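Work through the exercises below with the model open in your viewer. Try each task before reading its solution.

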Amino acid sequence: MLKLISKSILVLAIVVVSSCEDRLSEINENPNGIDPASANPNLVMPEVMNSAARAYLELGYGDVAGVAQHIQHDGWFGGINHYEWGPQDWSGWYNMLRNNEFMYKRSVELNYKFHQGVALTMRSFIFGVITDLWGDAPYTAAVKGDQSNEFLKPAFDSQEVIYKGIIADLKAASALFATKDATGYTAGYDIFYAGNPTSWQKFANTLLLRYYMRVSDKMPAEAKAGIEAIYASGVYMKTPAEDATMSYIGATAGNSWPGAVAFDQEQTNFRRKKPAQTLVNALLANNDPRLKVWISPVHVRWVADETLTIDVEKFIRKDGVPQSVSYLTDQVLLPEIKKGAKYTRHYNPKLYKGVIDTNEYVGVPPGLIQPDTHNNNPTPGQVVQNQHVSQLAEIYRGSSGGLLRARLASSAETAFILAEAAQKGWAVGTAATHYNAGVKNSLETWGVGSQYDAYIAKPGVAYNNTLARIMEQKWIASWTAATEAWFDYRRTGLPALKAGQASAEPVLPVRFNYGDNEVNFNRTNADAAINKLETTKHSGLRGKNSQWSKPWIVQGTNKPW
């Protein structure tokens, strides 16, 4: 009997424990979570696209726009104007890759060809940005920390390995999209192309063109064959409607254009971002119709007046009538300017010892010591109100809609790549045809396509059989996507940008510095990558991990300097 009771108690205990375990499992399941084993890859797709698009725009409209000399700042200007960069973290990009890797694995499990292609394309785009910016980076061992502890400190792959992997993935993506199989796609989740495999194939092939041209000095035979094959296929971006873009829907800061006034009531972030004189002068030289789309006239224009008995008037004039103030804020000026008021300030060029720019459009020269004082600004300082220098156009004060798009790749870029390839003598048609298409596509992108015929006929715009002309127009067309302009400059030295008088070094930087997380916590692998960088006379106290040390892509090319 005692043995029977003991056995009964044991059985009862097992049943109770088993029941408790089942109940605990039920309790520990997150009712709001998603089981990875049953997750729908559609749900991950827009997050990957949105994150990559926003981060890419913030580069091309931020620090890198300073390198490309599209933009300068006249407040908090060190990083933008002088390239005073410290270690830069890449964790945001790798976080995107983790989400993307999950989307890819689920797509493979479900045999969703479209989603696999999207994941491979975005993987290539994101890894491309990482290696373009930093150099060698974790690639084959990246985003595998869940598989083994050995991947928690991943080895770095060479840029050569990464670029070859990017090209291989894009070829695979293009082949998947060529099947036109969109099985499993749910409407509304593809924020670039609404689930169109053909559009995605054009995007993938355009990225292939980008990266083949990127490695053209290091891998010329592969680049030539690859670009010729894509051109022969005819499957690549040809019109602005095919561009890879993301619109901003507004309403909240995370969904709005960076620095939009709606989320910066004092407007300081917006006002500090000024057009660079390098870009303004290039646009003015040919009466470029994009000038008025991107840039506003100065709010208070200087007028040379030799009748003055003083060098500079301290007050401004409204429609010629002197006012009792030395400056007005944007909040006061803009409503009156929109009504047609003209504000000016007079000076006597015979008495004034400095240089004043009386143009309607005025940019900030690159690398000034004190950009907040440029063009005799009466209100220098961090809360600068320089009404004698142009601001960006009114559209960039908004938060959504219209032309405000993050642009990952474009038909204009595609055409300029083919123009350069043709000039190299590769079998892709004529350089002039592609160059003209690049100019036209850019003008159409910004709503001024009707002025193409007049613009392309100008002596300073018409194709003149030089790489410099191609790269100048490609540089202009990369507005808000300045990363491409920077990498083109690094590869070709064109346009011939100058760093400016107060830059930390007399030449432009060529890379980002590896971040502290890698240097401190993945030391062995980070040091191995750093030691492969080429130290230059501009590397300075940072040594090899400097923005002026050359990564593999430009080592041995004598570019850009």
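Predicted model: local features only at pLDDT ≥ 70, side-chain atom pairs only at ≥ 80, totals over all residues.

**Exercise 1.** Determine how α8 and α9 are oriented to each other.

*Solution.* 
- Start with the ranges: α8 covers residues 197-214 and α9 covers residues 220-233.
- Take the packing angle, about 155°, with the axes 9 Å apart.
- Angles over 145 degrees count as roughly antiparallel, and α8 and α9 are therefore roughly antiparallel.
- The crossing of α8 and α9 is left-handed.

**Exercise 2.** List the residues through which α8 and α9 meet, and sort them by class.

*Solution.* 
- α8 contributes N205, L208, L209, Y212 and M213.
- α9 contributes E222, A223, G226, I227, I230 and S233.
- By class, the contact has seven nonpolar, three polar and one charged residues.

**Exercise 3.** Check the length of α9, then find its buried residues and what covers them.

*Solution.* 
- The 14 residues of α9 should span 20 Å at 1.5 Å a residue; the end C-alpha atoms are 20 Å apart, which agrees.
- A223, G226, I227, E228 and I230 are the buried residues of α9.
- Their cover includes α8 and α14 (411-423).

**Exercise 4.** Is Q69 buried or exposed?

*Solution.* 
- Q69 lies in the loop between α3 and β1.
- Its phi is positive, near 60°.
- Buried means under 20% relative accessible area. Q69 has 1% relative accessibility, so Q69 counts as buried.

Conventions
Residues numbered from 1 in each chain as written. Heavy atoms only, no water. Axes fitted to C-alpha atoms, helices over the stretch in contact; angles between N-to-C directions. Helix = DSSP H or I, 4+ residues; strand = E, 2+ residues; numbered from the N terminus. Parallel < 35°, antiparallel > 145°, perpendicular 65-115°, else oblique. Left-handed = near helix turned anticlockwise from the far one by under 90°. Contact = heavy atoms within 4.5 Å. Nonpolar A, V, L, I, M, F, W, Y, C, P; charged D, E, K, R; others polar. Expected span 1.5 Å × (residues − 1). Buried < 20%, exposed > 50% of the residue type's maximum accessible area, 1.4 Å probe, protein only.
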